[in-house]
Amino acid sequence: MGRIIKHEGDTAMELSAQTAEKLKAFARGELTWAEVEGMTFAEAKAIAQVGCELAAAGRYEEARILFEGLVEGNPKDGASRAALGTVYQKLGRQEEALTEYSAALECDPRNPVALTHRGELYLRQGNRQGFTDISHAVEADPQGKTVAGRRARALVKAITLVAVETMKGAPRA
């Protein structure tokens, strides 16, 4: 028999030994809340797909709520962090977007979405790290299979063209 947790009224809830162990593992940082709750990869993926569809329809606040929930449940999910960063960026919350892109890259250093979008934000801020991020995005998706990978390739081409044109107009030493 498991432990009994009492709360208001005469109602009691039994806590199984397995649940107690999961909660302890969560407290030690060994499990995510999604794992404690038993959320499957397929369930998380389905929620993320709805979030992507909401964002594509311009319903960013609703998408934000879903992705924040996914990240809260599993902070190690780099794809959800990158998606949340994208939603924050669309909402004009640039610093929060950068935070999420950076967290996504801690989970997966080759995430083309996080690399491309963080790179763009950095370039807009005048931060040269943006060039590095965008070049890493191209390396992460050399065939341009993702929208982010294709965007990174286009940005590299545009930056290169601007640099060539600038060099043509510069006086030679």
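Predicted model: local features only at pLDDT ≥ 70, side-chain atom pairs only at ≥ 80, totals over all residues.
Biologist: Are helix 4 and helix 5 roughly parallel or roughly antiparallel to each other?

Modeller: The general idea is to check the angle against a cut-off: over 145 degrees counts as roughly antiparallel. The angle here is about 150 degrees, and therefore helix 4 and helix 5 are roughly antiparallel to each other. Their crossing is left-handed.

Biologist: Let me try that on another pair. At what angle do the axes of helix 7 and helix 8 cross?

Modeller: They cross at roughly 155 degrees, and the two axes come within 7 Å. With the cut-off at 145 degrees, helix 7 and helix 8 are therefore roughly antiparallel to each other as well. Helix 7 passes helix 8 in a left-handed crossing. To find helix 8 in the view, look for residues 129-140.

Biologist: Now to the empty space. How do I start with pockets?

Modeller: The general idea is simple: a probe the size of a water molecule, rolled over the atoms, shows where empty space is left. In this model, the largest pocket has a volume of about 700 Å³. It is lined by 28 residues, and those closest to its centre are Ala48, Phe67, Ala79, Ser80 and Ala83.

Biologist: Which elements give two or more residues to the lining of the largest pocket?

Modeller: There are four entries to look for: helix 2 (33-37), helix 3 (41-56), helix 4 (60-73) and helix 5 (78-90). Helix 3 gives the largest share, eight residues.

Biologist: How much space lies in the second largest pocket?

Modeller: About 250 Å³. Its lining includes Gln89, Asn111, His117, Glu120 and Arg151. Helix 7 (112-124) and helix 9 (147-169) each supply at least two of the lining residues, and helix 7 brings the largest share, five residues. By class, the lining divides into four nonpolar, five polar and two charged residues.

Biologist: Next, accessibility. Is Gly51 buried or exposed?

Modeller: The general idea is again a cut-off: a residue under 20% relative accessible area is buried, and one over 50% is exposed. Gly51 has 0% relative accessibility, so Gly51 counts as buried. You will find Gly51 in helix 3.

Biologist: Where is Thr32, and is Thr32 buried or exposed?

Modeller: Thr32 sits in the loop between helix 1 (17-27) and helix 2. Thr32 is buried because its relative accessible area is 4%, and the cut-off for buried is under 20%.

Biologist: What about a residue between the two cut-offs?

Modeller: Such a residue is called partly exposed. Asn74, in the loop between helix 4 and helix 5, has 23% relative accessibility and therefore counts as partly exposed. Glu62, in helix 4, is partly exposed too, because its relative accessible area is 36%.

Terms used. Residues numbered from 1 in each chain as written. Heavy atoms only, no water. 1 Å grid on protein atoms, 1.4 Å probe; cavity = no way out; pocket = protein on both sides within 12 Å on 5 of 7 lines; lining within 4 Å. Points joined across faces, edges and corners; volume = space filled by probe spheres on them. Nonpolar A, V, L, I, M, F, W, Y, C, P; charged D, E, K, R; others polar. Buried < 20%, exposed > 50% of the residue type's maximum accessible area, 1.4 Å probe, protein only. Axes fitted to C-alpha atoms, helices over the stretch in contact; angles between N-to-C directions. Parallel < 35°, antiparallel > 145°, perpendicular 65-115°, else oblique. Left-handed = near helix turned anticlockwise from the far one by under 90°.
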